[in-house]
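Q: I'm new to this one and would like to learn how to read it. Could you walk me through it?

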Amino acid sequence: MNWSLIWAIARKDLKEVSQNKAALVPAVVVPVFFVVVFPLAIVLLPQAFSRAAGNAFSLQDLEALLQRMPPAVTQALAGLSPLQVWVVFTTGYIFAPMFLILPLMMASIVASDSFVGEKERKTLEGLLYSPTSDAELILGKIVASVLPALALCWASFVVYGMVVNLAGLPVMGRLWFPTALWWPLMLWVVPAVATLGMASAVIISSRVGTFMESYQLSASGVVLVLALMAGQVTGVLFLSVPVAFLVGLAVWAVDAGLLWVGVRTFSRNRLFSRL
Amino acid sequence: MAVIEISGLSRAFGPVQAVRNLTFELNEGEVFGVLGPNGAGKTTTVRLLNGVLKPDAGRMRVLGLDPESQGKEVRRQTGVLTETPSLYERLSARENLRFSGALYGLGLAELEARVNAQLDFFELGPRADDKVGGFSKGMKQRLALARALLHGPKVIFLDEPTAGLDPEAAHQVTQLIEQLSHEAGRTVFLCTHNLDEAQRLCDRVAVLRQGGLLALGSLAELGRTLWRGTWVEIDVQTALAVGLRRDLTRQPGVQRVEGEATRLVVQVSHEVDIPDLVGWLAAQGARLMRVMPRRHTLEEIYFELQEQPEGRPA
């Protein structure tokens with residue numbers, strides 16, 4: 001395995017995708033909403049409303065929801081004021097699964113541009129004539145798809161942490177983010193989800209002809225994220241530290257299966273048989 | 001020395017037999033043309049020889065390597081100009097070449113030197129840092145050719161290098177190929193529809209139809225195989241009298257006389273019969289203006305072959 005070839009392919013793919021506006025716009029806009037606009041609104045608006053109304057913030061509507069949370073969460077929230085509970089519960093727990101949209105989306109975008117985009121732009125044939133093995137080609141494209149997804153997600157996590165801590169400082173009186181859940185989420189589940197987005201795009205790429213088709217289909221994995229969010233909000237499957245490990249494990253298992261199929265699909269002989 | 005050897009090579013795509021029992025060899029330094037209509041198997045042969053497609057049957061060797069099991073090593077020593085330029089239009093010409101060079105493992109200093117040399121040779125220097133998307137078709141084809149040659153391949157495959165180009169750009173690309181083909185030791189495998197281009201560039205040609213080999217050889221060899229004997233064109237100042245023309249057909253070595261008025265087209269058994277024929281005509285008082293042995297064009301050869309019934313290769 002020649003890693004300099006793999007890097008060359010990955011660098012080229014990243015340079016190309018950085019010129020694709022259809023890919024770049026969601027990669028910039030979505031994180032800005034997720035890590036700046038939403039948390040600021042969630043943290044600052046209740047403070048502003050309660051100040052304007054002259055009332056103390058009440059958790060009246062959240063009571064029933066909080067009662068369904070696992071003991072670890074209720075313990076973590078014990079002794080906090082209603083406004084502190086709101087900030088910690090929403091930005092520290094409820095928001096966590098929504099974060100998984102970022103790696104899924106980014107990996108789907110880059111992988112779709114990298115695999116299907118090459119076909120669509122008729123550049124694949126030239127690449128397949130290069131002195132690289134099938135494994136080096138696919139690995140280069142995997143690196144190009146997963147690395148930016150991880151970089152974007154981890155950078156967003158840092159910004160999110162700063163926004164949540166700073167905006168919440170008047171309420172919390174201390175820096176409290178991240179909670180324990182975020183570490184397995186960022187280091188275990190996020191790479192698994194990024195790989196899921198990429199692996200889906202690899203498989204879909206052999207069946208569709210355009211970048212947009214591939215992106216839309218592979219990003220439909222967002223249903224999984226929405227299911228996790230629903231579980232989080234209803235307390236049915238709360239993303240605690242052990243659950244995060246299990247979810248990550250399940251996603252990695254799916255990734256392994258998808259990649260096995262994807263790598264078998266991505267052979268020169270097969271691709272040229274279809275060109 | 002044979003650079004490419006193919007024996008009994010076959011490949012089908014479902015019910016379509018793309019390449020059928022092909023056998024031929026290419027010698028070092030040769031410009032070898034592969035001619036045939038769409039679907040004749042030209043591109044499939046290029047793909048098989050570069051190890052990007054596996055054959056159903058047959059044996060191949062490229063530079064002594066087996067493309068099926070040593071595809072990566074074969075591709076390291078070959079360059080391919082595909083039918084569509086396969087360039088990254090969002091990247092600049094320089095970036096395209098740098099990427100290609102990196103895939104061939106060229107070191108940074110050597111890569112930069114070669115990239116600059118290719119850009120200069122193909123007259124792309126002034127647009128080197130512009131995005132390829134803004135290039136004309138001719139410029140894209142020159143850049144694709146520069147990319148195919150960047151790593152100094154011993155064998156270069158050119159798949160329809162002038163297809164879709166305007167006459168000026170096509171002429172420019174043909175000239176470049178002619179220049180490149182004269183570089184010592186480089187073997188060129190040229191797939192083309194363009195018979196003038198093939199006639200101008202190729203030492204030998206293979207004519208394919210429906211994946212099978214119809215004919216193989218130099219222009220002269222193919223002409224001799226298809227039309228027995230030698231044809232000579234003779235221009236005379238005034239038309240021959242009927243009797244003299246009849247006597248001409250009876251001269252030793254003369255097989256047939258065609259042509260009208262002042263242009264005679266005579267078929268003789270051998271080229272050596274021509275001086276005697278010319279001497280006899282002069283002795284009969286014919287005023288000869290021009291005597292020219294007739295060379296069959298590749299176009300004549302190609303269409304004659306395509307009209308032959310299947311299973312009768314020349």
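Predicted model: local features only at pLDDT ≥ 70, side-chain atom pairs only at ≥ 80, totals over all residues.

Q: Which residue stands opposite Val80(B) in β6(B)?
A: That's Phe157(B). The two strands here, β5(B) and β6(B), with β6(B) covering residues 155-159, run parallel and are joined by 4 bridges.

Q: What is the strand order of the open sheet with 6 strands in chain B?
A: Going across, you read β5-β6-β7-β3-β8-β9 of chain B, and the pairing is mixed. The edges are β5 and β9 (212-217) of chain B, each pairing on one side only. From one strand to the next, the twist averages 15 degrees.

Q: Which strands of that sheet does α5(B) touch?
A: α5(B) packs on the sheet against β5 and β6 of chain B, and its direction makes about 165 degrees with that of β5(B).

Q: What does Thr78(B) touch, leaving out residues up to four places away in sequence?
A: Its contacts are Asn50(B), Val62(B), Pro153(B), Val155(B), Ile156(B) and Phe157(B).

Q: How should I think about a nonpolar core?
A: In soluble globular proteins, nonpolar side chains tend to be buried together. In this model, the largest nonpolar core has 77 residues, and those with the most contacts inside it are Leu143(B), Ala146(B), Phe189(B), Leu190(B) and Val207(B). The element that gives the most to this core is α5(B), with 7 residues. Apart from that core lies another, of 74 residues, including Ala96(A), Leu196(A), Val202(A) and Ala102(B).

Q: Which residues does Leu190(B) touch, not counting those up to four places away in sequence?
A: Among them are Val31(B), Phe32(B), Gly33(B) and Val34(B). Leu158(B), Ala198(B), Leu201(B) and Cys202(B) are also touched by Leu190(B).

Q: What is the order of the open sheet of 4 strands in chain B?
A: Read it as β11-β12-β10-β13 of chain B, with antiparallel pairing. β11 (254-260) and β13 (288-294) of chain B are the edge strands, each pairing on one side only. Here the twist averages 20 degrees from one strand to the next. As an example of a pair, β11(B) and β12(B), residues 263-268, are antiparallel over 6 bridges. Within that pair, Gly259(B) has Leu264(B) in β12(B) as its bridge partner.

Q: Which helix of chain B lies across those strands?
A: That's α10 (residues 273-283) of chain B, which lies across β10 (230-236), β11, β12 and β13, running at about 160 degrees to β13(B).

Q: What should I look for in the backbone?
A: Most residues other than glycine have a negative phi, and most peptide bonds are trans. Lys122(A) has a positive phi of about 60 degrees although it is not a glycine. Lys122(A) sits in the loop between α6 (101-120) and α7 (124-128) of chain A. Glu123(B), also not a glycine, has a positive phi of about 55 degrees, and belongs to the loop between α4 (108-121) and α5 (137-149) of chain B. As for peptide bonds, a cis one joins Phe177(A) and Pro178(A), with omega about 5 degrees.

Q: How many helices and strands does chain A have?
A: Chain A comes to 13 helices and 0 strands. Its C-alpha trace spans about 70 × 35 × 30 Å along the principal axes, and 43% of its 275 residues are buried.

Q: How many residues does each chain give to the contact between them?
A: Chain B gives 22 residues and chain A gives 21 residues. On the side of chain B, α2 (71-77) and α3 (93-103) are the elements that give two or more residues. By class, that side has 11 nonpolar, 4 polar and 7 charged residues.

Methods
Residues numbered from 1 in each chain as written. Chains lettered and ligands numbered in written order. Contact = placed C-beta atoms within 7 Å. Nonpolar A, V, L, I, M, F, W, Y, C, P; charged D, E, K, R; others polar. Pairing = 2+ DSSP bridges. Axes fitted to C-alpha atoms, helices over the stretch in contact; angles between N-to-C directions. Core = buried A, V, L, I, M, F, W, Y, C linked by C-beta atoms within 7 Å. Buried ≥ 20, exposed ≤ 12 C-beta atoms within 10 Å, placed from the backbone.
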